Amino acid sequence: MLPPAYLADTAPGRGARLAPRSWLRTDAPTLSLSGEWAFRYSPHAALPDDVAVPGLDDTGWDRLPVPAHWVLQGDGAYGRPAYTNVQYPFPVDPPHVPDENPTGDYRRRFDLPADWPAGAQVALRFDGVESLYRVWLNGEEVGVATGSRLAQEFDVTGLVRPGENLLSVRVHQWSPASYLEDQDQWWLPGIFRDVTLVARPLDGLGDVWLRTGWDAETGWVDPEIVAEEAAFPVTLRIPELGVEAVWDSPAAVARIEVGPAEPWSAESPRLYDATVASRGETASLRIGFRTVEIRGDRLLVNGRRVVFHGMNRHETHPERGRVFDEAHAREDLALMKRFNVNAIRTSHYPPHPRLLELADELGLWVVLECDLETHGFGMHDWAGNPSDDARWRDAYLDRIERTVERDKNHPSVIVWSLGNEAGTGSNLAAMAAWVHARDPERPVHYEGDYTGEYTDVYSRMYPSLLETREIGTDGSLAPLLGCSPAQGARQRTKPFLLCEYAHAMGNGPGALDRYEALVDELPRLHGGFVWEWRDHGLLTRTADGTPFYGYGGDFGEVVHDGSFVMDGMVLSSGVPTPGLHEFKAVVQPVRFAFAGGALVVSNHRHSASTADLRLVWRVEHDGRPVADGVLEVPEVAAGSSATVPVPGLPVAETGETWFTVEAVLAEDASWAPAGHVVATAQLDAGRAASAAAPAPAPARVRGWQPAAGDLRLGAAEFAGGRLVRLGGRVVSGPLLELFRAPTDNDEGGYSNPEGSDASIPGTSSAQLWRAQGLDRLVHRLVSVEEAPGALRTVTRVSAANATASVTVEQVWTLSDGELELRVEIEPSTGWPSVWPRVGVRFELPDDDRGPAVSGVEWFGLGPLESYPDSLRAAQVGRYTATVDELSVEYARPQETGHRSEVRSLALGGPDGADLRWDFLPDGRGRLPGFTLSRHTPQQIAAAGHPHELPASTTTHLIVDAGQHGVGSAACGPDVWLEHALRPEARTLRMRLRA
Ligand code: IPT
């Protein structure tokens, strides 16, 4: 049987499709058709056309909830989810798709309510169906539609009847539309948003658009009312502003000045309730007054420059997929607010319409993106790309119309985006032209318009820091990506935003602070959107029932892109990553500087003052609190700063004194309780003599003699020159460790030679490390010597078939009862790349040879992991954690847990602290970092998922003289020059105590 013709039709749909309009809350009757439907699954599309036959007996069919994705129901009975990034999961043969096309037949009977208004038009609305669906009512065909994340209404007035009705829907997973929906996400077919029957009274509201504006003090509404003559008079009411405007006819509808009104912004999301009432229908809206405008290379809202501290937000839930869950979505946005996120790009399709109401209410700038991506054509030089093929023009226009019309009323939406990664071409230009005509106020964004032919803002993804600076300055007028010098000059006349940057895959991203510094310095740069907010892991189970978050390849896909879908600032479990904490610290809206004895408080917000904040402070001596208080600071307006004296601080006589200031919410907000920390900074308030002085030179030991190395020095016992016991418990090592379990960024091949010389372009750092054998070092003890109260060993460390080596000298001394270890790490010449780390590893077995290490207390940077290019969230303090709490459960196990600049640490057994390390700075004042883990880097590197890590019998303490930065090379620039760890001689000094 040949597939139905509509499976090769590039038109967006056919049949009784209604023109798109706003998603409105009105008092016209609706009937939700969500709930349980009869469902019949088929793995192919060649099916008898019986789905709509009224007499068909469907009692034997399965039952499936609507909304849902069928692949996430039925435990594999209806296929499985599939993840691809760029590649298409079917042959690139546009507009055709294979006959192996999973198809779901849905049937549902419903009764038309007895009080359903007679004479009204009846619309059947689908808020989201992936990817093509054909609809019948009572056996008669209604139409066909595409546009998975777009709403579609059908006119079923003539088909719906009193009493029982039968609605039948056939949904195909693959269709010509799939070519336009190649987003980097799971393919999740089915009716996944609501289905609703909507009455549309003839004297009701066809559509309502309350465009608003705001200038200086006053606001206005510029309404567009679509309604029949019979619907008039139509009345607009905004009770809080005393507005009541009555229009007798369509021609009378006109702009209304509302007088003094508070503006809407992401910081102060002031909404006003409004109603629009016709004879037969009343719509209720929540409107916000704001004006969006581009002036020169500035994007302004209410006359002030907007800076996006944004996130790319997909709709994803570990069990529901893209099925909306209001509580989850609200918490998602509240979490963003708590982490100083002020904007969302709805990558890469319109979210559930309710999400925008939440954004209006909680306050987030929104770049609203159309459901469009044809990225897979990029793998074939964009040959046949629908974006530049007239056959697809209607589909493109249909998509943007349905995007803009549905969401046009939201004050939070300040930019329209045509889509993502769809190459370029005349269909995109036509979309932009349509938006310009329909909504001249809001700018049009599309990153793929490199030369700026049809878009209003300049946008790029993942540019390096150097390139970003080039964009922000006229400087050398260096060519920009895809641009001639003249085109580049045009792009520089526009506001610039990073629609994607800081790829948050696994451990990272690094260098967030450097992007932010550029945005602070260069006003053409309007910030950007981290890629991305959440990991898309889907909760699944191993054969033996162990639950885990699955990624590409975990569902038997033929082609897939592995863990590339796990690149969020929030783990699938909902836990914010250290990267998100870093983001929060970097973009904090209030910034602090210490000058003389004063604190300078700067307000970096768009328009809100600091009236909602309180400044609290505390002083700690060696991490122990000794004083605290509240700082009286005048209200600071947006864009201004205030200088306040710092109170007289009690400086410690020995040890370190740190002053910490925090701006906290004075009162509860809808997204966080009073006391929530919005911004913070620390001042090193002076180290007293003992700590400030350089570490004492290591004792010079004389009289070395070759020896067997079986001895005891204080708490340490050695055999053959090697440590075997410390304080009576088995401790071995320390051995040189150069390897870290590669992060997703270490595995990234996007090394950007402009941004860094850390590694070789096109080759990942991890490949180079494995090639050099950093994960399989072997040792040769060269010498063991003793002197009174001292032991010295020299070891040569290298890898199979390698000539490059590292010489490690360890000198143990016991003087005045103090056991000190000095480790000199000296690389040979010939190491070709950066190193992941340079440190030493102690092993503390906990099988029959000793009690398990339960946790650690440390004084240094914390509380979360930190790396050289991700240090801003870390503060000096005294922290405790269990061993497990120190590691982050990244979707794919990798380097985690490094704590920087540690002064001391104490390992606890079940009975409290039993071993203690105090660290001395090296000759250049650098303190080491540490990692405490139940697994070696090698074990971590071998696991694909957290549950694959082997059972542990040993705790590993790695003391690092240095760690390589984390960078963003999973998709973006490599580690910035300054934070790249190159092979070099390093010294570690520590005192050990039991
Ligand atoms: C970029 C895509 O726009 C985004 O959807 C996502 O796939 C991201 O990469 C990586 O996670 S495109 C990339 C080729 C720069």
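**Reading salt bridges in a predicted model**

Trainee: Let's start with a pair. Which residue does arginine 442 meet in a salt bridge?

Mentor: A salt bridge is a side-chain nitrogen of Lys or Arg within 4 Å of a carboxyl oxygen of Asp or Glu. Here the side chain of arginine 442 meets that of aspartate 439, at 2.8 Å from N to O. Bear in mind that this is a predicted model, where local features need pLDDT of at least 70, side-chain atom pairs count only at pLDDT 80 or more, and totals for chains, interfaces and linings use all residues. Residues are numbered from 1 along each chain as its sequence is written, and side-chain values use heavy atoms, with hydrogens and water left out.

Trainee: Is aspartate 439 buried or exposed?

Mentor: Buried means under 20% relative accessible area, exposed is over 50%, and partly exposed is in between (1.4 Å probe, protein chains only). Aspartate 439 is buried at 1%, and arginine 442 counts as buried too, at 3%. Now take arginine 270, which pairs with glutamate 262 at 3.3 Å between the closest N and O atoms; glutamate 262 is partly exposed at 44%.

Trainee: And what does arginine 837 pair with?

Mentor: With glutamate 895, the closest N and O atoms being 3.9 Å apart. Arginine 837 sits in strand β53 (residues 837–845) and glutamate 895 in the loop between β55 (875–882) and β56 (904–909), so the pair ties together parts 58 residues apart in sequence. Strands (E, at least two residues) are DSSP runs, numbered from the N terminus. Both partners, arginine 837 and glutamate 895, are buried.

Trainee: How many salt bridges does a search of the whole structure find?

Mentor: It finds 81.

How values were computed:
Helices (H or I, at least four residues) and strands (E, at least two) are DSSP runs, numbered from the N terminus.
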